[in-house]
Amino acid sequence: MDDSGIVELYLNRDEAAIARTSEKYGQRLRSFSLGIVQDLQTAEECENDTYMAAWSSIPPHAPRDYFYAFLARITRHLSLNRCRERSRLKRSALVSELSAELEQCIPGGEDLDRRVDDRALAEAINGFLGALGEEKRNLFLRRYWYLDSIAAIAKRYGFSQSKVKTTLFRTRNQFRDYLKEEGYDI
């Protein structure tokens, strides 16, 4: 069943929507969560919680054209919250490390105090990602969205860890410069 059909089931409040979602995306969502929480049982809980959150969110949302992204965003937030709740020191350290890397690129607290328009920032980020080549975009997203380790990214794409680190460093610098050009104070 295609995404539009599954979303239609949600909109009609048909419980088969959850089964269809699980059939189509269950493994991907569980793997995504597992990469964050590092525990299969917790990943399965996050997957199930994702279905419940989707059930509660559709309607009013009708993410026909971006259904997996909609689910992945929910799963990511649930997984990160589980890490915080369980105080997983190793994983929390990784999340802190990744946050520190991007902190140098994204506008800081002063801009937040001035209530920067989140939608404009999201559009700027999407514009930057859209302008990147496929390789750089994939590396950037694997590191900062999927929270993959440098070693995992290198293995996935057949690169050396050094190449991955260098590419990410240069891409972060490009990202910072791009946001400055867009008028954001870094």
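Guide: A disulfide is a pair of cysteine sulfur atoms within 2.5 Å. The model shown here is a predicted one, and a search of the whole structure finds zero disulfides.

Visitor: How do you know that the sulfur of Cys46 is too far from the closest cysteine sulfur for a bond?

Guide: The closest cysteine sulfur to that of Cys46 belongs to Cys83, at 8.0 Å. A disulfide requires the two sulfur atoms to be within 2.5 Å, therefore Cys46 and Cys83 are too far apart for a bond. Seen from Cys83, the closest cysteine sulfur is likewise that of Cys46, at 8.0 Å.

Visitor: What makes Cys46 count as buried, and what makes Cys83 count as buried?

Guide: Buried means under 20% relative accessible area. Cys46 has 0% relative accessibility, so it counts as buried. Cys83 has 3%, so Cys83 counts as buried too.

Visitor: Why is Arg76 said to have no salt bridge?

Guide: A salt bridge needs a side-chain nitrogen of Lys or Arg within 4 Å of a carboxyl oxygen of Asp or Glu. For Arg76, which lies in helix H4 and is buried, the nearest side chain of opposite charge is that of Asp148, 9.8 Å away.

Visitor: Which backbone oxygen does the side chain of Arg76 reach, and which residues does Arg76 touch?

Guide: The side chain of Arg76 reaches the backbone oxygen of Tyr144 at 3.1 Å; a polar contact is a pair of N or O atoms within 3.5 Å. Leaving aside residues up to four places away in sequence, Arg76 touches Phe32, Ile36, Tyr144, Trp145 and Leu147.

Visitor: How do you know that the buried residues of helix H9 are on the same side of H9?

Guide: The buried residues of H9, which spans residues 150-157, are Ile150, Ile153 and Ala154. They cover an arc of only 100 degrees around the axis, which puts them on the same side of H9. In general, an α-helix has 3.6 residues a turn, so residues three or four places apart point the same way.

Visitor: What covers the buried residues of H9, and which exposed residues does the face turned away from the buried side carry?

Guide: The cover includes helix H8 (134-144) and helix H10 (161-181). The face turned away from the buried side of H9 carries the exposed residues Lys155 and Arg156. Just after H9, Gly158 takes a positive phi of about 70 degrees.

Visitor: Why is Thr167 called buried?

Guide: Thr167 has a relative accessible area of 12%. The limit is under 20%, so Thr167 is buried. This residue lies in helix H10 and touches Lys136 and Leu139, not counting residues up to four places away in sequence.

Visitor: Why is Arg13 called partly exposed, whereas Gln38 is called exposed?

Guide: Exposed means over 50%, buried under 20%, and partly exposed in between. Arg13 has a relative accessible area of 36%, so Arg13 is partly exposed; Gln38 has 52%, so Gln38 is exposed. Arg13 is in the loop between helix H1 (3-11) and helix H2 (16-37), and its phi is near 60 degrees, a positive value in a residue other than glycine. Gln38, in the loop between H2 and H3, also has phi near 60 degrees.

How values were computed. Residues are numbered from 1 along each chain as its sequence is written. This is a predicted model: local features need pLDDT of at least 70, side-chain atom pairs count only at pLDDT 80 or more; totals for chains, interfaces and linings use all residues. Side-chain values use heavy atoms; hydrogens and water are left out. Buried means under 20% relative accessible area, exposed over 50%, partly exposed in between (1.4 Å probe, protein chains only). Helices (H or I, at least four residues) and strands (E, at least two) are DSSP runs, numbered from the N terminus. The arc is that of the directions from the helix axis to the C-beta atoms. Contact means heavy atoms within 4.5 Å. Lys and Arg count as positive and Asp and Glu as negative; His and the chain ends are not counted. A polar contact is a pair of N or O atoms within 3.5 Å; within protein, one must be able to donate a hydrogen and the other to accept it, and residues adjacent in sequence count only if both atoms are side-chain atoms.
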